[in-house]
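This report is for a reader meeting the structure for the first time. Please look over the sequence and the model before reading on.

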Amino acid sequence: MTTVVKCPTCQTAVQWNADSPYRPFCCKRCQLIDLGEWAAEEKVIPGQHSSDNDKPPVDIEEIEAMLAKQQDDFFKD
């Protein structure tokens with residue numbers, strides 16, 4: 001049994017099966033339009049927004065202490 005869905009971009013009916021390589025999209029063009037909308041942040045997944053204020057502060061002294069514990073050749077190729 002083949003399921004029919006609507007293309008999220010243009011609403012064209014698309015058969016959901018292995019013969020539809022762009023499913024749920026009807027074609028590569030609609031797939032790329034959708035990708036562009038996500039990349040431009042026109043589409044987002046609802047959730048809590050984080051900001052730099054939510055992140056713990058970076059402790060430079062702690063990072064330097066960790067680096068000092070590394071062997072001298074750690075950063076050499």
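The sections below go from the overall layout to single sites.

## Overall layout

The model described here is predicted. Its protein chain holds two helices and two strands, and from the N terminus on these elements follow the order β-β-α-α. Strand S1 covers residues 3–6 and strand S2 covers 13–16. Helix H1 spans 28–39, and helix H2 spans residues 60–69.

Of the 77 residues in the protein chain, 9% are buried.

## The annotated cysteines

An unreviewed UniProt entry lists Cys7, Cys10, Cys26 and Cys30 under "binding site". These positions are spread over 24 residues of sequence, yet they cluster in space, with a largest C-alpha distance of 8.2 Å.

One of the listed residues, Cys7, lies in the loop between strands S1 and S2. Cys7 counts as buried because its relative accessibility is 0%, and buried means under 20%.

## Backbone features in the loops

With a relative accessible area of 45%, Gln11 is partly exposed. Glu41, with a phi of about 60 degrees, is found in the loop between H1 and H2. Its relative accessibility is 64%, so Glu41 counts as exposed; the cut-off for that class is over 50%.

The loop between S2 and helix H1 contains Pro24. The peptide bond leading from Arg23 to Pro24 is cis, and its omega is near 10 degrees.

## Ring contacts

Arg23 also takes part in a side-chain contact: its charged end sits over the ring of Trp16, at 5.9 Å from the ring centre. As for aromatic pairs, the count comes to zero.

## A nonpolar surface patch

Which residues make the nonpolar surface patch? Val58, Ile60, Ile63 and Leu67 form it, and its area is about 370 Å².

Leu67 belongs to helix H2. How exposed is Leu67, and why does it fall in that class? Leu67 counts as partly exposed because its relative accessibility is 42%, which lies between the limits of 20% for buried and 50% for exposed.

Notes: Residues numbered from 1 in each chain as written. Predicted model: local features only at pLDDT ≥ 70, side-chain atom pairs only at ≥ 80, totals over all residues. Heavy atoms only, no water. Phe/Tyr/Trp six-rings, centres within 6.5 Å; stacked < 30°, edge-to-face > 60°. Lys NZ or Arg CZ within 6 Å of the ring centre and 35° of its normal. Patch = residues over 30% accessible without salt bridge, like charges linked within 9 Å, V, L, I, M, F, W, Y side chains within 5 Å. Areas by Shrake-Rupley, 256 points an atom, 1.4 Å probe, with all protein chains shown as cover. Salt bridge = Lys/Arg side-chain N within 4 Å of Asp/Glu carboxyl O. Helix = DSSP H or I, 4+ residues; strand = E, 2+ residues; numbered from the N terminus. Buried < 20%, exposed > 50% of the residue type's maximum accessible area, 1.4 Å probe, protein only. UniProt positions renumbered as here; feature names shortened; annotations may be inferred.
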